[in-house]
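Hi,

Here is the structure I promised to pass on. Have a look when you get a moment, and my notes follow below.

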Amino acid sequence: MDLKLYDTYERALRPFQPIQAGRVGLYACGPTVYDYAHIGNLRTYLFGDTLRRVLELNGYAVHHVINITDVGHLSSDGDTGEDKMEKGTRRTGRSAWDIAAYYTQAFQQDLALLGIQAPAVWARATDHIPEQIDFIAGIERQGYAYRTEDGIYFDTAKLAAYGHLARLNTAGQRAGHRVELGGKRSPTDFALWKFSGAGEQRQMEWDSPWGRGFPGWHIECSAMSSKYLGALFDIHIGGEDHIPVHHSNEIAQHEACHGHAPARYWLHGAFLQLESGDKMSKSDGGFLRLATLAERGFDPLAYRYLVLTAHYRSPLAFSWPALQAAQTALNRLRQALHALPEGGMPDAAYRDAMLAELNEDLNTPRALALAWEVLKSPLDGQTKRATVAWLDQALGLGLEQWRPAAIEVPLAVRELVEARGLARREKRWKDADALRLAIEEAGFILRDTPDGTVAEPVPG
């Protein structure tokens, strides 16, 4: 069953064909760790986790790399403003190194709460300064770099296909720009290495062949993806905001140094929107964190469920009522599965239908709908449970690991359960049925477990 993915570079749905049979190299652009991740950021990583899970469900071994940007990301994508890490230092009064460590850990904790699998490699920019310097030197040797007063820049005019990923009108930008370029030759040129300013005391700076300073934002991904996945790997992913600048610049760097783009497939997740229609952003200071949802009593996996209800390339509007509906649906799904007996095998027809939806560019809304269809179907309980549990390998909701909150069963109900067990052993079936009805009238249902029959509250 072919897996098809929407490739932003080609603007087309393409059958997935790995470079190496059975193996996939996957690179995901990670966070700039100067502040907490907001739930819009986390939607992108949920999409990446779903992609990885679907690849694994198709039998691929996935080598997954996520970078951590802890230096070099200026407050403007146009290489102006201050480094976001230095900005974070001013905001918190802590060192840039401490900030990076703190927010990296907070980000990783958020991923764990959402059931997002850790990558094989966490690649921190500050751990790979020599690799970035070497990559810049390679670009320079090919004639694509030039020097200005404040750094080393990439000359995009020398690359005919620059901006193809975003379908940029670079000629129009160059002819009609009305921005202050400084020493840049073109508005689309970008920094490879930035010099520390005269008299400036930066916390993160290094010596280089061009002078003391720090790397530009884009070079880290080119250097680290090459190191861990090779000069050409399978899939590069990120948010849709990466298309016009960051990923376009990554491709340019790679084409200058290696003669081709770094990845064969480029996938991008859509924004999370607020009810106003605006995208969620840290710049307004009012972004929602995963911890904010928890403070309001929501399970982090309810947010994962909400994200699964929309296709990753479609905008998703966040609202509290929508999250409440997702929480309710997730609870019902958990309870329905938990009430079913274990030990079955997935239904082949439903399994194939689910995989077909997942393989159609990760159509999680349709796959999730099939899970509910299975639960309402005439299949036996064991088969239902096994089928939905199989799908959850891709959904990542942890359905089989969920357990209901421990609730004390009243003594009177426990005595009814014991009496029903005795009636069944003595084959007094009418008495056993009457006792079961009495248990249900008390608000409990019976479930068979390896340790015997237990009473649980009726799912609400």
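To start with a question: in which helix do R52 and E56 lie, and how many residues apart are they? Both are in helix α1, four residues apart, or about one turn of the helix. Please keep in mind that this is a predicted model.

The side chains of R52 and E56 form a salt bridge, at 3.2 Å from N to O. R52 has a relative accessibility of 11%, so it counts as buried, while E56, at 31%, is partly exposed.

Helix α1 (residues 39-57) also holds R53 and D49, again four residues apart. Their side chains meet in a salt bridge with an N to O distance of 2.7 Å, and both residues are buried.

Another pair is D352 and R351, whose side chains make a salt bridge at 3.6 Å, N to O. Both are partly exposed, D352 with a relative accessible area of 35% and R351 with 30%. Salt bridges with shared partners also link D49, R53 and R304 into one network. The count of salt bridges comes to 23.

Now to a helix pair. The axes of α4 (residues 129-141) and α7 (residues 243-258) come within 8 Å and cross at roughly 65°, so the two helices are roughly perpendicular to each other. The crossing is left-handed. On the α4 side, F135, G138 and I139 take part in the contact, meeting Q253, H254, A256, C257 and H258 of α7. Those contact residues comprise four nonpolar, four polar and no charged ones.

Enjoy exploring it!

Best wishes

Note on methods. Residues numbered from 1 in each chain as written. Predicted model: local features only at pLDDT ≥ 70, side-chain atom pairs only at ≥ 80, totals over all residues. Heavy atoms only, no water. Axes fitted to C-alpha atoms, helices over the stretch in contact; angles between N-to-C directions. Parallel < 35°, antiparallel > 145°, perpendicular 65-115°, else oblique. Left-handed = near helix turned anticlockwise from the far one by under 90°. Contact = heavy atoms within 4.5 Å. Nonpolar A, V, L, I, M, F, W, Y, C, P; charged D, E, K, R; others polar. Salt bridge = Lys/Arg side-chain N within 4 Å of Asp/Glu carboxyl O. Buried < 20%, exposed > 50% of the residue type's maximum accessible area, 1.4 Å probe, protein only.
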